[in-house]
Structures are given as C-alpha cells and as structure tokens.
Amino acid sequence: MTPRPPLETPILTTATVYFDGGCPLCSREIAFYQRQSGAGSIAWIDLTTCEDAALPNGISRQQALARFHVQTVDGISHGAAGFLALWRALPRFRLIGRLLSIPPMPWVLERGYRIFLRIRPTRKLADCDVCVK
C-alpha cells in the first residue's frame, strides 16, 4: 500500500522579513503586509523579541534594527531594496515591485527611505541595549 501524502503541505518560505516591532509605524505597516494574500509564505521576524539565532547571518541586532531587511533566495536586501523584495514576494504588490526595481527607481526610493529613517519614531529606553538610539 502506498503511503498517502500529508493533508497539509508545508508552506515554503519565499522571504524572511526582519522588522522593528518596537517602532509603532513599522509595526503597523508590517501588520498591513501580514494581512495580504501570500503573506503566509513569508517568515516575519520581530527583531525586538527574536532569539539571536534568528538574526540574519553577519548582521547584528543593532544593525538589523537600524534598517529594514528582507532575505530571499537572492540574498539579503535592506532599506528600499528590502521593500522591493517584499513587494515582489506578495502577489498584490508584485507588479509595482518589479516596476519600481527598474533603475533609477531603486536609487530614488533609497533616498526617500533614508529621509524616513531620520524622522521615524525611535525607542529611547535607558535599560534597552538593542533599541535604536
């Protein structure tokens, strides 16, 4: 008798998103993406609560908290390139992710992301050794 395949097929991860769960704006945006079709195939790692083993290779917690990171089969992307990788992994955003990946758009988006980093809310907790200061 041939064994039956499992009823539930394991979900293959298309991307791993590393995000700052302590940033109210970031958390709200990630929650939006997590509700999208296809989000179940993405691993979502809150950098404020994850174990050190969950951090991307070669990137410290402080570095990961300072910029948005996404890991795909192509490697780790950060900043605006990370958002482009996330958008390409979500069916609803795939087309816009591809279009905005055409030069010079990644450069323009990265400049906008750097401006956002200057004004985003940061956690300034005296007893926290991983918070963005």
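The model is predicted.

Four strands form an open sheet. Their order is β2-β1-β3-β4, and the pairing is mixed. The edges of the sheet are taken by β2 (42–46) and β4 (75–78). Each of these two strands has a single partner, so one side of each is left without a neighbour in the sheet. Neighbouring strands are turned against each other by 20° on average, direction ignored.

Within this sheet, strand β1 covers residues 15–19 and strand β3 covers residues 69–72. The two strands pair in the antiparallel sense. Three bridges join β1 and β3. Thr-16 stands opposite Gln-71, a residue of β3.

Helix α3 spans residues 80–89 and is mostly covered. Of its ten residues, eight are buried.

Helix α5 runs from residue 105 to residue 119 and contains Leu-109. Is Leu-109 buried, partly exposed or exposed? Its relative accessible area is 25%, so Leu-109 counts as partly exposed; the buried class lies under 20%. Leu-109 can also be placed relative to Gly-79. The two residues are 30 residues apart in sequence. In space, their C-alpha atoms are 8.8 Å apart.

The surface carries a nonpolar patch formed by Leu-95, Leu-99 and Ile-102. Together, these three residues have about 310 Å² of accessible area. One of them, Leu-95, is found in helix α4, which covers residues 94–99. Leu-95 has a relative accessible area of 60%. This value is over 50%, so Leu-95 is classed as exposed.

The cysteines were examined next. A disulfide is a covalent bond between the sulfur atoms of two cysteines. How many disulfides does a search of the whole structure find? The search finds zero. Cys-23 is buried, with a relative accessible area of 1%. Cys-26 is buried too, with a relative accessible area of 15%. Both values fall under the 20% limit, so both cysteines belong to the buried class.

Definitions and conventions:
Residues are numbered from 1 along each chain as its sequence is written. This is a predicted model: local features need pLDDT of at least 70, side-chain atom pairs count only at pLDDT 80 or more; totals for chains, interfaces and linings use all residues. Side-chain values use heavy atoms; hydrogens and water are left out. Buried means under 20% relative accessible area, exposed over 50%, partly exposed in between (1.4 Å probe, protein chains only). A disulfide is a pair of cysteine sulfur atoms within 2.5 Å. Two strands pair if DSSP finds at least two bridges between them. Axes are lines fitted to C-alpha atoms, for helices over the stretch in contact, and angles run from 0 to 180 degrees between N-to-C directions. Patches are made of residues with over 30% relative accessible area and no salt bridge: like charges are joined within 9 Å, nonpolar side chains (Val, Leu, Ile, Met, Phe, Trp, Tyr) within 5 Å. Accessible areas come from the Shrake-Rupley method with a 1.4 Å probe; for residues, only the protein chains shown count as cover. A salt bridge is a side-chain nitrogen of Lys or Arg within 4 Å of a carboxyl oxygen of Asp or Glu.
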